[in-house]
Amino acid sequence: MSKIQITPFFHEPTFTVAYVVTDRATNSCAIIDPVLDYDAAAGQISHEFADKVVSYVDKNGLTLEWILETHAHADHLTAAPYIKEKLGGLIGVGDHIRRVQSTFKAIYNLESTFPTDGSQFDQLFVDGEVITLGHLDIEVLHTPGHTPACVSYYIEDAVFVGDTLFMPDYGTARADFPNGSAQTLYQSIRKILALPEATRMFVGHDYKSPTRDHFAWETSVIEQRRNNIHVKDGVSQADFVAMREARDATLAVPKLLLPAIQVNVRAGQLPPAEDNGKCYLKIPLTIKS
């Protein structure tokens with residue numbers, strides 16, 4: 001039996017999978033990529049999904065040590081600070097979040113006092129850093145390309161890859177966000193696929209596929225190497241980059257990108273309240289030619 005228990009929570013409105021990872025020996029746990037419910041049309045946030053995760057931790061007598069973000073998400077708002085308030089734990093992310101913060105501070109013209117040093121998070125991880133979960137080790141792997149700050153978390157016989165890879169029949173992440181790179185993404189994927197073949201892999205999203213009518217989020221290194229439609233063994237970097245760049249040029253902007261990023265670079269905190277006591281999210285406007 002694996003030393004860890006992995007419990008997924010699927011948030012269908014954003015097709016995101018959050019995970020509770022538990023050290024069976026100590027009942028210490030980490031939550032990876034928790035989701036805040038957000039109704040964009042109403043400008044309303046709520047906590048139904050996060051409360052399901054909190055309830056699971058409470059009912060099973062677990063101790064939350066970490067809330068781990070794989071990157072600053074463009075497709076959902078993180079529930080990390082809400083969960084920390086309820087359960088404790090430290091919020092961690094890769095140290096390259098500082099580059100993302102600097103980029104989006106300019107794009108959103110955030111307040112001059114907004115720091116771009118990552119200080120909104122409790123801990124910034126460098127590539128190869130090892131943190132502990134109960135009696136277990138978590139190795140942080142810097143896996144950029146989708147964004148410059150993406151990391152994967154390698155725990156015992158499992159790796160949590162965020163948006164870098166999807167299920168083999170769906171492929172790989174887009175690489176056209178600011179400071180993204182299809183070439184860098186390919187190199188990160190090969191780094192992940194160099195892990196032991198039996199390593200279980202847990203992806204951050206699933207959108208089904210043309211050949212599958214059910215949601216799925218667990219695969220393995222060997223399955224990805226044999227069957228990933230974008231990057232299986234034998235696909236060269238040049239071929240991958242050409243495919244990824246052509247495909248990305250056809251993709252729509254994620255529905256929640258504009259609100260999500262400006263919250264997620266703050267580790268999930270909302271922008272400062274204005275003089276009427278309300279928080280506002282900015283929507284930068286462009287004029288289509």
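Predicted model: local features only at pLDDT ≥ 70, side-chain atom pairs only at ≥ 80, totals over all residues.
How many aromatic pairs does a search of the whole structure find? The search returns 15 aromatic pairs.

Phe 10 and Trp 217 form one of the pairs. Their ring centres lie 5.4 Å apart, and the ring planes meet at 20°. Planes under 30 degrees apart count as stacked, so this pair is stacked. Phe 10 belongs to strand E1, residues 4-11. Trp 217 sits in the loop between strand E14 (200-202) and strand E15 (218-220). The pair therefore ties together parts that are 207 residues apart in sequence. Trp 217 is partly exposed, at a relative accessible area of 22%.

The rings of Phe 160 and Phe 202 are also paired. Here the centres are 5.1 Å apart and the planes stand at 20°, so the pair is stacked. Phe 160 is in strand E13, residues 158-160, and Phe 202 is in strand E14. The pair thus ties together parts that are 42 residues apart in sequence. Phe 160 is buried, with a relative accessible area of 1%. Phe 202 is buried too, with a value of 4%. Burial is assigned under 20% relative accessible area.

Phe 10 and Trp 217 also belong to an aromatic cluster.

Turning to helix packing, helix H1 (residues 48-59) and H2 pack at an angle of about 30°, and their axes are 10 Å apart. Angles under 35 degrees count as roughly parallel, so H1 is roughly parallel to H2. The crossing in which H1 passes H2 is right-handed. From H1, the contact draws on Ala 50, Asp 51, Val 54, Val 57 and Asp 58. These residues meet Tyr 82, Ile 83, Lys 86 and Leu 87 in H2. By class, the contact of H1 with H2 has six nonpolar, no polar and three charged residues.

Lys 86 is partly exposed, with a relative accessible area of 47%. The C-alpha atoms of Lys 86 and Ala 175 are separated by 35 Å, and the two residues are 89 residues apart along the chain. Gly 88 follows H2 and has a positive phi, near 85°.

The axes of H4 and H6 come within 9 Å and cross at roughly 125°. Roughly perpendicular covers 65 to 115 degrees, and roughly antiparallel begins over 145. H4 and H6 are therefore oblique to each other. H4 passes H6 in a right-handed crossing. On the H4 side, the contact is made by Ala 182, Gln 183, Leu 185, Tyr 186, Gln 187 and Ile 189. On the H6 side, Gln 237, Phe 240, Val 241, Arg 244 and Glu 245 take part. The residues of this contact divide into six nonpolar, three polar and two charged.

Two individual residues complete the account. Arg 266 lies in the segment after helix H7 (257-264). With a relative accessibility of 7%, Arg 266 counts as buried. Leaving aside residues up to four places away in sequence, Arg 266 touches Leu 110, Glu 111, Phe 114, Gln 120, Pro 271 and Pro 272.

Val 130 is placed in strand E10, residues 130-133. Val 130 counts as partly exposed, at 46% relative accessibility. With residues up to four places away in sequence not counted, Val 130 touches Asp 137, Ile 138 and Glu 139. Leu 110, one of the residues that Arg 266 touches, is 20 residues from Val 130 in sequence. In space, Val 130 and Leu 110 are 33 Å apart, C-alpha to C-alpha.

How values were computed: Residues numbered from 1 in each chain as written. Heavy atoms only, no water. Axes fitted to C-alpha atoms, helices over the stretch in contact; angles between N-to-C directions. Helix = DSSP H or I, 4+ residues; strand = E, 2+ residues; numbered from the N terminus. Left-handed = near helix turned anticlockwise from the far one by under 90°. Contact = heavy atoms within 4.5 Å. Nonpolar A, V, L, I, M, F, W, Y, C, P; charged D, E, K, R; others polar. Phe/Tyr/Trp six-rings, centres within 6.5 Å; stacked < 30°, edge-to-face > 60°. Buried < 20%, exposed > 50% of the residue type's maximum accessible area, 1.4 Å probe, protein only.
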